[in-house]
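Subject: Handover of a structure and notes on its interfaces

Dear colleague,

Please find the structure that I am handing over to you. I would be grateful if you could look through it before reading the notes below.

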Amino acid sequence: MTAVSTSGPAYPAASSQLRRLALPLPWLATAALPLFLPGYEPLATQILVMIVFALSLDLLVGYAGIVTLGHAGLFGMGAYTAGILSVYGITDPLLTAGCAMLVAAATGLVFGWAMLRTKDLTLLMLTMASAFLLYEIANKATWLTGGEDGLQGVNFSSLFGTFAFDFRGITAFYYSLAVLFVVFLAVRALIASPFGWSLRGIRENSARMAAIGCPILKRRVIVYVISAALAGLAGALQAQATQFVALYSLSFELSGNILIMLILGGSGRLYGAFIGVPAFMFAQDLLAKQDPANWFLGLGIILIVLVMLAPGGILGIAERVMAAIRRRRGAA
Amino acid sequence: MGIPAMISRRLFGIAFGTGAAVLLAGALQAQAQTVKIGVILTYSGRDAALGEQIDRSIDLFVKLHEKELPQGVKIELIKRDDTGVNPDLAKRLAQELVLRDKVQILTGGQWTPNAMAVAALTKEAKIPFVTMTAGGSAVTLQSPYVVRTGWTLWQTSYPLGEWAAKQGWKNGYTVVSDFAPGHDGEAAFTKSFTENGGKIIGSVRIPLKTTDYLPYFQKIKDMNPDVVYVFNPGGPQATAFMKAFDDVGITKSNIKLIGPGDITASDELPNMGKRALGVITMLQYSPAATRKANVDFVAAWKKEYGANTVPNYFAAAGWDGMRAIFDVIKAQNGKIDPDATMKLLRQWKNPNSPRGPVRIDEHGDIVQNLYMRRVEEKDGVLANVEFATIEQVGDPWKVLNKK
């Protein structure tokens, strides 16, 4: 399995004492954000939700080697599940988030079981088709989803019965941050587990993995279902934070955007999602403010330059710089 | 002098400087009252042309009327792009405009789904929201902080159904874009058409993002109704609809095409070409109207944006929206109180709008004249020529559903 080490740092071996101490710092800094940047909570919450979503995608793209252009389908399933439940009177945030995870996981199981027999381009097309299918169903079933108008009457009750989802978005912010932290720990544990390593093995050489007795399809379906559940959780978070669900949450645009954000940060690196999502969304926020009419152009140019100059994403650049420094030190 | 003394002196300097700056800023604020207005429109994507109409109207109004503002009062427009029908984005943009940019008035509200989402938010934020061109009746019911300066689909479709039935047309067919305004238009036309003796023999709702209309329209041709009621949200879609009607041969047949004025939007007529000749629509505004207020408006527009551009009904709605916003700013001398603003807005009237006399009623909806127009060629240019007026129509839906 020599090929594995080329993609990203071999994670468990590298956790030095220093790194362990440094780990909580970004989290604490983020938690203090409302003090320093009041008014940015909605954007920050959006970023946190998208990081959860990107982490779920990284499991597929970065670790299992399943490239998908339909991940928003699962995100949207979660968002609509939570939203629709709240419209019909089941408004507890944690309960609806749990239901959203279940529904998304079930969807992932059905689609995954059917799609993951194929690979490469066929699989890519199927993932796209699956999301289009869900989008069209939601678009047509206006009595349930509101169609283009969006789901009306979404209203979640207070978190733990005490923290209402306020207009400033403080509750939504800390709630999303807490969920992200738990998801981060779970994903980190998963990719460090033997199961996680077997996924990387399948990604690098599935024929060889099959030869040593690894049930390829089963492993791939399992990771797809886990990823679907996390995507559904992100969707539910989004519905709760914005108290609204719209067709965008199922759209191809979102599927594409989240993939771009992940690749921008660096896929298969765990922290790629934490870098790519804020970079993309801050750039978007800034550019859209500067020039409401032509901001897509600016975003497009930045992305083209990054893809051409930094195939491994932002973390890829960082790694190359680190490697160069290390080499120089070794030479000295 | 020790280091601590130096630091404390520096700290004192900083504290003093900050204090002075705060005082100065306070003094400046008292002198110059800046009213921040958040504008959420579609600036990118397929329907950016519609957003541009409103945006140009807003800018032109501010340019021509800024000097009317009371001494020391300034306005600042903060613009945001909702990229199209995208209610969750519109809602977040509104939230950020209120929290981050501290806007005191929200406007724009181009799309009904977006306006619904923003309106719901204004209830908690207590920020007056002047929605300009969202046509779904329910928008103004979302919050006490919303008024509308555009139109509703019930307004432009309910009287049209009666008119169509009175032409002796018996069999009707409805084709609408599948979102709230489309549903409203379909319901309004169907109700008044059937109440006056007509019969609807078929209806279809076309998804907003569809680009291939032929299969839908072929079926209409085969059913051969007397009249087809059409609604789409104007802009490039209106032209695409008209081309598809032409392709299946409906424009050349005996089937009459009617609908709210969106389907023959004046700025799209050059793109539609002669296919659109004879289509009859009902709308509150046509740039071809000869009222003085309108002639002046169109002239100012052409001077600013070029002789071959023309303001459409989106622009007219934006123009009146800015007029209303300016009027409440003037009435309060630049100090915007949300509740007082809403009180003023709900009594707002303008006898001299480019589209004739308009006012806002107790529902927050606009009351205005509606004009029957036919697409005709005037001096080699296609125009929506007004041929009949229905005076001072409010939102019929609110009247019909009054408890």
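Predicted model: local features only at pLDDT ≥ 70, side-chain atom pairs only at ≥ 80, totals over all residues.

Residues are numbered from 1 along each chain as its sequence is written, chains are lettered from A and ligands numbered from 1 in the order in which they are written, and side-chain values use heavy atoms, with hydrogens and water left out.

Between the chains

Contact (heavy atoms within 4.5 Å) joins 28 residues of chain A to 31 residues of chain B. The buried area, meaning the accessible area (1.4 Å probe) that two parts lose on being put together, summed over both, is about 2700 Å² for chain A and chain B, and carbon and sulfur atoms give 55% of it. On the side of chain A, the residues that lose the most area to chain B are Glu148(A), Asp149(A) and Phe167(A), together 28% of what that side buries.

Two salt bridges (a side-chain nitrogen of Lys or Arg within 4 Å of a carboxyl oxygen of Asp or Glu) are counted between chain A and chain B. One of them pairs Asp285(A) with Arg100(B), whose closest N and O atoms are 3.1 Å apart. The side of chain A that touches chain B is made up of 13 nonpolar, eight polar and seven charged residues; here Ala, Val, Leu, Ile, Met, Phe, Trp, Tyr, Cys and Pro count as nonpolar, Asp, Glu, Lys and Arg as charged, and the others, Gly among them, as polar.

Within chain B

An automatic or database domain assignment gives the domain bounds: chain B has domain 1 (33–151 + 290–364) and domain 2 (154–283 + 370–400). Their C-alpha centres lie 27 Å apart. In contact are 25 residues of domain 1 of chain B and 28 residues of domain 2 of chain B. The two domains bury about 2100 Å² between them, with 56% from carbon and sulfur atoms. Arg46(B), Ser137(B) and Tyr313(B) supply 30% of the area that domain 1 of chain B buries against domain 2 of chain B, more than any other three residues.

One salt bridge is counted between these domains. The side chains of Arg291(B) and Glu386(B) form a salt bridge at 3.8 Å, N to O.

Yours sincerely
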